[in-house]
Amino acid sequence: MSRILAACIVALVAFAPACQKKATIAPPTVVEDYSYARLDEVAVTHMDLDLIVDFGLQTISGIAAFDLDNKSDANVVHFDTWALHIQDVTIDGKEARWQLGDSVALLGRPLSVAITPESRRVTVRYATTNDARGVQWLMPPQTLGKHHPYVYTQSQSYHARSWVPCQDTPANRFTYSARVHVPAELLAVMSASNPQERSVEGVYQFEMKQPIPSYLLALAVGDIAYRRIGPRTGVYSEPGLVKAAAAEFSDMENMMDAAEAMMGPYLWERFDVLVLPPSFPFGGMENPRLTFATPVLVAGDRSLVSVIVHELAHSWSGNLVTNATWNDFWLNEGFTTYLERRLDEVLYGREYMEMQTLLGLRDVDLDFEEYGVDHKDSALLLDLGDRDFEEVSTTAAYEKGCLFLRMLEESFGRETFDPFLRGYFDAHAFQTMTTERFVAYMKEHLFANDEAKYAELLVDDWIYKPGMPANTPKPKSTRFKQVDAQIAAFARGTPARFLQTEGWTTNEWQRFLDNLPQPLTHERLADLESAFRFEKMNAVVQRSWFPNVIASKYEPAYPALEDFLLSIGRRYLIRPVYMKLAETPEGLEFARRVYAQARPGYHAITQQGIDPVLKWSEVAAQTPDERQ
Ligand SMILES: [Zn+2]
C-alpha cells in the first residue's frame with residue numbers, strides 16, 4: 001500500500017535560488033510512502049559520496065553522485081532532501097537544470113533534476129544544516145572520554161535525506177562507496193566495509209557492495225577504537241568502553257552460527273557492533289555490517305545481549321528482505337522479533353525465550369492501556385496516512401508480528417514452518433516485500449492454497465484487524481511462576497531479604513518490579529532498595545524500578561531517578577518513566593523540570609516520543625519567567 005499526498009504537493013513549484021538556470025522542470029506530483037522519488041520512472045542504482053565532516057561548523061558537506069536507471073525515458077529525476085543546502089548539480093560533468101521545491105511537513109523539499117534518456121550520472125554538491133534531524137552532534141562532555149566531539153546518523157525511517165540527498169524510500173536499493181574526511185584524531189565508520197585503525201590523514205574509504213535501502217545509510221565519527229571478537233565479528237566504541245563491550249558481546253560468533261543454521265548464509269561478510277554514546281535513541285539499529293547500539297547493553301552480565309541477537313536477525317528480515325513501505329513495517333520487525341526469540345532459544349534456552357516473550361506481551365498490554373485495544377495501529381499492516389511514523393506506536397509490529405509467526409509455527413510444526421521461512425529469505429534476498437505479496441507467497445508455499453485452514457487460523461484478523469486474535473499463543477515460564485510467588489509473598493508482608501531471588505537475571509527482576517502492588521509504603525520501598533540495590537543494576541531493571549518509586553512519591557530515590565533521566569537517551573527506557581511521572585501534577589512538574597535540562601542532550605527521535613507525554617509544546621510556549 002502506498003500513501004498518496006497529492007494534495008500537499010500543490011505548492012511545490014517554487015523555484016530555488018538564482019544560481020539555477022531558468023528551469024521548467026516538472027515538480028513531483030505524487031508522494032509515495034513519504035518520498036518524492038518515482039521509482040517506476042528512474043531509480044538510483046549506485047551512489048558515490050565524498051564528504052567532509054566539520055565539527056566546528058557542525059556540517060557534513062561534499063558531493064553525492066548517483067548512477068541512474070532511467071526505466072521510462074523520463075526527463076526528470078526527483079530526490080528527497082531535508083534542510084539540505086544544495087550548491088550545484090551536474091549531469092555527466094555538465095551543469096544541470098534543477099530546482100528545489102517548497103518544504104512540506106515530514107517530507108522536506110524535492111530536488112528535481114532535468115535529465116535525458118542518455119543521462120547516466122547526476123552529481124549533487126551540498127551541505128547539511130543545523131536542522132538535520134538524522135544527525136546528532138555531541139560536544140565532548142556528552143561522550144564517555146570527554147575530550148573529543150562525536151557525530152552519528154540515524155537514517156530510519158526517513159532521515160537519510162537530512163544528510164544525503166537521496167531517493168529516501170525503502171522500496172529502492174543501491175550500492176555505495178564513500179570517502180570521508182574527518183579530523184585526524186578521529187575515526188570514521190559507516191554501514192559498509194570499515195577501517196580497524198585510525199588513518200594518519202583522517203581520510204577513510206568505504207564500500208558497500210550489497211545493495212541497500214536508504215534507511216540503512218549510516219555514519220559515525222568520534223574517538224573510536226576497534227576490538228576483534230572472532231573472524232567475522234568485532235566491536236567499535238570509545239576506547240574507555242571497548243574492552244568491556246568486547247567481553248559483553250563475546251557470543252557474537254555463536255550468534256552468527258545459530259542464525260546461519262536457521263536462515264541460511266550471512267551475506268554481508270562482517271557483523272560488527274558500534275557502541276555509541278548514551279544519547280543514542282534506540283537499543284540498536286541494524287545498519288548492515290555495523291550495528292549501532294546503546295551503551296546500556298554493556299551491562300556487565302550479558303543480560304541484555306538479546307538486542308544484539310535482534311540486530312543480527314535483521315541481516316535477513318529487513319536488510320535482506322525489506323519492507324517495501326513503512327506500512328509493511330511488521331515484515332521487518334515482527335519477523336526479526338520472531339527470529340530473535342528462536343535464536344534466544346538456541347543460545348540461552350527455551351525458558352529465556354519464554355520470559356522475553358512474556359515481557360514483550362506486557363509492552364503490548366501497556367500500549368493497549370495507552371491507546372485502547374481497538375486502536376488501528378495494533379493491526380500488523382499499518383495505515384499511516386499522513387502521520388509522522390516516529391509518533392506511531394509500533395509495539396504490535398514487533399510483538400504481535402512475532403506471535404503471529406509463532407502461531408503459524410505451532411500450527412504447522414517446525415518441520416514445515418522452518419523450511420518455509422528459509423525459502424522465503426532465499427527467494428527474496430535483496431528485494432523488497434509488501435504485506436500483500438507476503439500473504440500471496442504464504443498462501444501458496446505454507447498453506448498450499450488451503451483456504452479453509454487459512455480462515456481457521458484467523459490470518460486476516462492478525463494482519464488487518466486491531467487487537468490480539470483468539471488463537472494467540474500462550475507462552476509459559478516456570479521461572480516467572482516462581483517470581484510471581486515471590487511477589488505474592490512480598491505482598492503478604494514477607495521482608496525483602498527473605499524473598500527467594502537467587503540466580504535472578506534482568507528478566508526476573510523486570511517481572512518482579514513490573515508487577516508489585518502500587519503504591520507501596522516508603523518503608524517497604526526502603527526495604528526493597530536496601531536488600532537489592534536496584535539503582536546499581538542495569539538500566540532495564542531501573543526502567544521497571546522507578547515507576548514504583550514514582551507511584552509512592554518515594555523521595556529518597558529521586559536523585560537517582562533524575563540521574564537516570566539525565567544520563568540515558570534510549571527512548572524505550574525513559575519514556576515509561578516520564579509517562580508514570582506525568583500521571584500526577586507534582587510528577588509532571590518534576591518531569592518537566594528534569595526534561596528541560598535533559599532534552600537538549602536527547603536525540604530528536606527521543607524528543608518526539610516524550611514531548612507529547614509532557615505536553616512540551618505548552619511549556620515551550622511559556623516565557624522563561626512563567627517557567628520558573
Ligand atoms: Zn528491529
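Trainee: Which residues is phenylalanine 438 in contact with, leaving aside its neighbours within four places in sequence?

Mentor: Phenylalanine 438 is in contact with Leu331 and Met433. In contact means that the C-beta atoms of two residues, placed from the backbone, lie within 7 Å. Please keep in mind that this is a predicted model: local features need pLDDT of at least 70, side-chain atom pairs count only at pLDDT 80 or more, and totals for chains, interfaces and linings use all residues. Residues are numbered from 1 along each chain as its sequence is written.

Trainee: Where is phenylalanine 438 found, and why is it called buried?

Mentor: Phenylalanine 438 is in helix 8, residues 435–445. Helices and strands are DSSP runs numbered from the N terminus (helices H or I, at least four residues; strands E, at least two). A residue is buried if 20 or more other C-beta atoms lie within 10 Å of its own, exposed if 12 or fewer, and partly exposed in between, with C-beta atoms placed from the backbone. Phenylalanine 438 has 21 other C-beta atoms within 10 Å, so it is buried.

Trainee: What makes asparagine 449 exposed?

Mentor: Asparagine 449 has 9 C-beta neighbours inside 10 Å, so it counts as exposed. It lies in the loop between helix 8 and helix 9 (451–456).

Trainee: Why is lysine 553 called partly exposed?

Mentor: Lysine 553 has 14 other C-beta atoms within 10 Å, so it falls in between and is partly exposed. It is found in the loop between helix 14 and helix 15. Lysine 553 has a positive phi too, near 45°. As background, most residues other than glycine have a negative phi, and most peptide bonds are trans.

Trainee: Which residues does a cis peptide bond join where omega is about -5°?

Mentor: Those are glutamine 518 and proline 519. Proline 519 sits in the loop between helix 12 (506–514) and helix 13 (522–532). Another cis peptide bond joins glutamine 156 and serine 157, with omega about 5°.

Trainee: Which residues of helix 15 are buried?

Mentor: In helix 15, residues 558–567, they are Leu561, Phe564 and Leu565.

Trainee: What is the order of the open sheet of five strands?

Mentor: The order is 15-16-17-19-18, with mixed pairing. Strand 15 (225–228) and strand 18 (284–285) are at the edges, because each has a single partner strand, and one side of each is left without a neighbour in the sheet.

Trainee: How do you know that strand 15 and strand 16 pair?

Mentor: Two strands pair if DSSP finds at least two bridges between them. Strand 15 and strand 16 (residues 233–237) have four bridges, in the antiparallel sense, so they meet that definition. Arginine 228 stands opposite glycine 234 in strand 16. On to strand 17: four bridges join it to strand 16, and these two run parallel. There, the bridge partner of glycine 234 is aspartate 272.

Trainee: What makes strand 17 largely enclosed?

Mentor: Five of the five residues of strand 17 (residues 271–275) are buried, so the rest of the structure largely encloses it. Both faces are covered, with Phe271, Val273 and Val275 on one side and Asp272 and Leu274 on the other.

Trainee: Why does glutamine 99 count as buried?

Mentor: Glutamine 99 has 27 C-beta neighbours inside 10 Å, so it counts as buried. It is placed in strand 6, residues 98–100. Strand 6 pairs with strand 7 (residues 109–114) over three bridges in the antiparallel sense, and leucine 100 stands opposite leucine 111 in strand 7.
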